[in-house]
Amino acid sequence: MAIGGGWLAALGGNWYYLLAGVGCIISAVLILLKRTSTVYWFGLVFIGTLIWTIQESGLDYWRWVPRFDIMLILGILFAFQLPTFKPGISRGVSRSLGGVFILAFLVAVALPFTALNVTPANNVPEASKGVFATDTGTGKASTPDTGDWYTYGGSLASQRFAQANQITPENVSNLKLAWQFRTGDLPKARWGGENTPIKIGDTLYSCTPRNQVFAIDAATGKEKWHFDPKVSDQSIPYTAACRGLTWFDAQTNSHVSLGDTAQAPAAVANTTGDNAGCEQRIILGTLDGRVIELNAKTGEICKDFGKDGTVDITENMGEVYQGYVAINSAPVVIRDTLVVGHQVIDGQRAFGPPGVIKAYDVRTGQLKWAWDAASPESSAPKQGPDAWKKGSPDVWTSFTGDDKLGLVYLPFGNSSGDYWSSTRTAAENKYAVTLTALNIETGLPAWAFQTAHKDVWDYDQGSQPTLIDYPDKNGGKTPAIIVPTKQGEIYVLDRRTGKSLFGVEEKPVPGGGLEPNDRSPTQPYSAFHHLSKPDLTPQDMWGLTPIDQLVCRIQFQQASYQGQYTPPIADRHYIEYPGYNGGSDWGSVAFDPDRGLIIANYNDMPNYNILVPRAVADALGWKPRDEIPYNPHDAGHAEGAGDPQIGVPYAVNVNAGWRLKYTGMLCKEPPYGGIRAIDVRDGRTVWDRPLGTARRNGPFGIPTGLPINIGTPNNGGSVVTSGGLIFIAAATDDLIRAIDIKTGKTVWSTPLPAGGQANPLVYTQNGREYLVITATGHHFMETPPGDYILAYALPEAK
C-alpha cells in the first residue's frame, strides 16, 4: 500500500493509501518491538480509514468493501491482543471491543444479501388492454395467432410480449421443466448461439450455432425434422450466433402495392413438383453468407428459391475472406420482399467486405434492390468486385419493419475500423450508427436517425427496435418506434418520419485525440430516458481488497478520461464509459402494451482502451484473421483485444469491462448490470434493480456460489406476459428467472445447464403455457457452452 500509494499520489491521486501504508508499517514495527505506542498508531490508522471510508463512500455498501474489509479484520485481531500491547487494558475491554468489531463484520457479510442499489416500484400502471396496441398490417406476422411466436421479437412490432396469463406471480413457483431438447451442435471455439426460436402452429423452429435447423413438437419437445447446411468452423465470425429464423407463407405479411391500400394476400408461386408443400417456408441465413428456404413441414429445400433453394449474399462483394461475412440475425420479410443484413467482422480490415443491404423476392430469390450506406443515392443492383465501397457500415443485429407503412427499420453499425474515422466518406458519416428506414418498394431511405456522430467507440446500433402506436392528445395514435442504444440512451421516434416524440438535445462532448478535426463537438442525448450513469470518478474504482482497488485507481489516474465520448489516443490508455457492451445491446428491450412499460436490461461497465501504432502492432504480430492459420481450439477473446485494423494507421487494444489481468475482477464497483421498468408515457423509472448474482462469478475465475445480487454483466433480453411476469436469463449466473412486473422482485428462478445468453420466448400449445430458453453459453461472457433447448411449464392437471 505504501509503494502503490506513493505511485498514486505522484500521479495526483488520493493520498490515503500512502499514509495508511506507512501507518501500517510503523504499527508492525512497533508490534515487533513490543511498544505500547502501537496501540495509538494502529488506532490512528483504523480510525483514519473509517473516517476516509465514510467520506468517500457514504452509505454505498460496495464502496466500503475494498476500503474497510481488511482493516476491519485487522481490527478484530488487534482488539483481542490489546492487553498484550498495553497491559493497562483489561481482557474484558479487549473482548468487548473485539465483539463489537465481529458484530460489525457479521453485519457487513449479511448486507449484500439484502436489496442493494434498488429503486422500489412506484406508481406502477395498471393493465388496460389495447392502450398501446400496434398496427403494422393485417398479416400474421403483425397479428399472430394467440399462442404463436412468429418472429425473433414475437411479431413485426418486436415487443417480446406474449398474450399468455396461465403462469402468474402467484403460481410461477410451481414452474417445472416440461421437456428438454439437445441439438448436438457444440462448437469448441467462439460458442454463443444467442438463438430465440419461432413457434407457429404446433411446431417450434430453432437454429444452432452452426446454422442447423430443428423443427420440434411444441408440446413434447420431440424432433420432427432436421436440416444441416454444413457450415464449417472456419466460417464462424466473432461468435457462432444464429439469433433467429424467418417464417413465410401467404398469410404472413400484408401484400400491398405501393400507393394501394387494398389488401391482396398472394399465394406462394411455383409450389408444385419439386416444391410441393413449400407454401410454408422457413428462411435461414448462414454464417457463410447463404440464404436458404426450407419446406416448413419437411425441412426439404425449396428449389424454386434462388439457385436450387439458395442465394449467396456475397455475390459482387469482392474479396470477402472466410469468416468475414456472416448472417447472424434473422432476415425480415416486409410485404413480399425479403431483406437481409449481415455482420462484417470487426477489427480486422478497415476496407474489408461492404455492409450492403440486399432485398430479394421472397418466393423466387430474385434480387430486387441493394442499398449501401456509402452510396445512398441508388439502390439498383450492381455487379463487379467494386460494386460497393469496401468496409461500409453493416447491419449485424436484428431488425424489423412495418407492412402497413412499407418501411424496414435497419440499425446500422459504423464502418470497418471501428476506432478510426479519417478514412470515412461523408455518406458513411451520415448513415453510420443510425436507425435508417428504407422504403420497401424502392430500397431508398425515407429517413435516418443518428445516435452517435463520427463514431470511434464501437457504439453500433446493436438493439432491435420496437414498434408501438403512441396515443396522442387528440385521441389518435402516432406510429412510433423505440430505439435503445449502447450508450444507454432510449429514443422514441415517429416511425413515419424519424422525428423524436420527446426531443433530442445535442450536448458538447470532449474533443481532441488523434483525429481532432474528425471529432464531433456535440453528441445526441435523449430527452425521454437514459440508462447510463454519471461519469466515473476515482471513488468508483473497486476491488475485493485495498490492493486491487489501488491498482485500479492507479490505472484510472494514468488514463485519459474526460467523461463520455473521451476520444481515442495512443500515448496512454483512455476510458470509454459506457463501454461497447454498455447500455442496451442485441437483447434489446421488451414492451408491455397493456401497461405501457418498457422493460430494459442493461450493462454498466467501462472499457479501458488504447490505440496501437501500426509498427508496434506489426511487431507484436497482430494480423487479420485471413492471414492466421485456422486454430480449432481458439476459444475467442473479447472483441477489440489486439485487433489489427489493417488499412488505417492504428490497431486497437480493448480491455472490455476493464478487468485486472490476474484476478479477472472488474475495476468499476458493482452493480455491472441491471433491469429497469420505464413508463413509456413520460420516461419515468417505475423500478430498477441489479440483475444477476455472484453464484457463478468470483476472483481468479473461481465461482463464489453466493446468491448475492451483485448485478452481473448480461447479454440477451426478456419476454413479458399478460400474466404480469418478466422472464429473463442473460446474466452470467446461469439462472433463468421470473420477475413480478408490479414489484420488480424475483419470484422464481432455476439453474440452467449452460449460459443463458439468449432471449426467451413464451407460447401456448394445447392450452398449456410454455417458457422456452436456448442455453448455449457465450465465450465473451465466459459462461459454459451447451446445446440445450429447455421448456418450462406448470404441472399438468391430473
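This is a predicted model: local features need pLDDT of at least 70, side-chain atom pairs count only at pLDDT 80 or more; totals for chains, interfaces and linings use all residues.

Reader: Which residues in helix 8 are buried?

Author: The buried ones are Pro546, Asp548, Gln549, Leu550, Cys552, Arg553, Ile554, Gln555 and Phe556.

Reader: Next, domains. What does the domain assignment give?

Author: According to that assignment, domain 1 is 1–113, and domain 2 is made up of 161–256 + 276–533 + 578–793.

Reader: How many Å separate the centres of domain 1 and domain 2?

Author: The centres, taken over C-alpha atoms, are separated by 48 Å. As for contacts, five residues of domain 1 meet seven residues of domain 2.

Reader: What area do domain 1 and domain 2 bury between them?

Author: About 520 Å², with 69% of it on carbon and sulfur atoms. On the domain 1 side, Trp62, Pro112 and Phe113 lose the most area to domain 2, and together they make up 86% of what that side buries.

Reader: Why quote an area at all?

Author: The accessible area lost when the parts come together is often used to give the size of an interface.

Reader: How many salt bridges does the rule find across the interface of domain 1 and domain 2?

Author: One salt bridge is found across that interface. The count of residue pairs in polar contact between domain 1 and domain 2 is also given: one, with both residues at pLDDT 80 or more.

Reader: What does Arg63 form a salt bridge with?

Author: Arg63 pairs with Glu669, and their closest N and O atoms are 2.7 Å apart.

Reader: Changing topic to peptide bonds. Which residue is joined to Pro578 by a cis peptide bond?

Author: Tyr577 is joined to Pro578 that way, with omega about -5°. Pro578 sits in the loop between strand 27 and strand 28 (589–592). Another cis bond runs from Pro670 to Pro671, where omega is near 0°. Pro671 is in the loop between strand 31 (650–656) and strand 32 (673–679).

Reader: Back to the loop between strand 27 and strand 28: what is phi of Ser588, which is found there?

Author: Phi of Ser588 is near 60°, which is positive in a residue other than glycine. Ser588 counts as buried because its relative accessibility is 1%, under the 20% cut-off.

Reader: And Asn211, what is its phi?

Author: Asn211 is not a glycine either, and has a positive phi of about 65°. Asn211 lies in the loop between strand 4 (203–207) and strand 5 (213–217), and at 0% relative accessibility Asn211 is buried.

Reader: Where is Ser235, and is it buried or exposed?

Author: Ser235 is in the loop between strand 6 (223–227) and strand 7 (246–248). With a relative accessible area of 5%, Ser235 is buried. Leaving out residues up to four places away in sequence, Ser235 touches Leu287, Asp288, Gln322 and Gly323.

Reader: Last one: where is Arg363, and is it buried or exposed?

Author: Arg363 is in the loop between strand 15 (357–361) and strand 16 (367–371). Its relative accessibility is 9%, so Arg363 counts as buried.

Technical notes
Residues are numbered from 1 along each chain as its sequence is written. Side-chain values use heavy atoms; hydrogens and water are left out. Buried means under 20% relative accessible area, exposed over 50%, partly exposed in between (1.4 Å probe, protein chains only). Helices (H or I, at least four residues) and strands (E, at least two) are DSSP runs, numbered from the N terminus. Domain bounds come from an automatic or database domain assignment. Contact means heavy atoms within 4.5 Å. Buried area is the accessible area (1.4 Å probe) that two parts lose on being put together, summed over both. A salt bridge is a side-chain nitrogen of Lys or Arg within 4 Å of a carboxyl oxygen of Asp or Glu. A polar contact is a pair of N or O atoms within 3.5 Å; within protein, one must be able to donate a hydrogen and the other to accept it, and residues adjacent in sequence count only if both atoms are side-chain atoms.
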